[in-house]
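Colleague: I would like to learn how to read side-chain features in a model. Please take me through some cases.

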Amino acid sequence: MTRRFLFVLGSARLNGNTELLARKAAEQLPPDTEQEWIRLADHPLPDFLDIRHDDTAGTAGIVGPVQPDENATIRQLLDATLAATDIVIASPVYWYSLSGLTKRYLDYWSDWLRVPGADFKATMAGRTLWGVSALADDQPVVADPLIGTLNNSAAYLKMRFGGVLLGNGSAPGDVLKDTEALTQAKTFFTQEPPLARFPFENATA
């Protein structure tokens with residue numbers, strides 16, 4: 001199928017370093033590649049409530065009290081996610097992991113696994129998850145929890161994982177001074193990502 005990139009912007013800051021780096025990488029995509037950009041701060045999701053084992057959930061099998069057809073933001077994000085061949089999670093490192101906005105979006109993936117007719121897990125299998133992130137620390141290893149979250153999420157859904165493009169930046173625009181990150185951005189989306197594997201699978205392979 002024709003590649004369609006969904007860029008999920010999880011920063012609380014408009015035009016922050018993570019978004020700037022993501023846009024630099026996106027500039028390298030072929031001109032005919034479809035792109036959709038969604039800023040999560042502009043599309044707030046309701047609090048996520050997991051009631052899988054609550055008798056009040058009824059018989060619909062939906063996780064949480066709000067179904068996609070009852071909330072325009074949830075429906076928009078679900079439809080955009082299902083339509084994408086490539087999902088780019090663009091989240092800065094907040095307290096060594098994903099931003100709260102991004103984590104809430106991923107929490108809804110649990111919800112969507114049980115939406116009738118969505119076939120979320122089967123649809124996502126074989127598609128590609130990417131990450132772009134800016135961090136203030138000069139030691140990239142501090143981003144390992146963020147990278148692990150994305151890798152394991154992709155592994156659970158049998159997706160491919162393209163890794164995380166990391167840049168250094170704290171003040172607005174700092175990442176544009178990170179020449180190494182900008183160089184990596186030029187070829188980031190050209191690689192052929194492997195199927196994601198849990199760390200324990202790599203250890204026993």
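Colleague: Is Phe 188 buried or exposed?

Modeller: This is a predicted model, in which local features need pLDDT of at least 70, side-chain atom pairs count only at pLDDT 80 or more, and totals for chains, interfaces and linings use all residues. Residues are numbered from 1 along each chain as its sequence is written, and side-chain values use heavy atoms, with hydrogens and water left out. Buried means under 20% relative accessible area, exposed over 50% and partly exposed in between, with a 1.4 Å probe and protein chains only. Phe 188 has 7% relative accessibility, so Phe 188 is buried.

Colleague: How many aromatic pairs does the structure hold?

Modeller: Rings of Phe, Tyr and Trp (its six-membered ring) pair if their centres lie within 6.5 Å; planes under 30 degrees apart are stacked, over 60 edge-to-face and the rest tilted. The structure holds 15 such pairs. The ring centres of Phe 7 and Phe 189 are 6.0 Å apart with planes at 80°, so this pair is edge-to-face. Phe 7 is buried at 0% relative accessible area, and Phe 189 is buried at 6%. The rings of Phe 188 and Phe 189 have centres 5.1 Å apart and planes at 55°, so that pair is tilted.

Colleague: Which cluster do ring pairs form?

Modeller: Ring pairs join Phe 5, Phe 7, Trp 37, Trp 130, Phe 188 and Phe 189.

Colleague: Where does the charged end of Arg 23 sit?

Modeller: A charge sits over a ring if NZ of Lys or CZ of Arg is within 6 Å of the ring centre and within 35 degrees of the ring normal. The charged end of Arg 23 is over the ring of Trp 37, 3.9 Å from its centre. Lys 121 lies over the face of Tyr 156, 4.1 Å from the ring centre.
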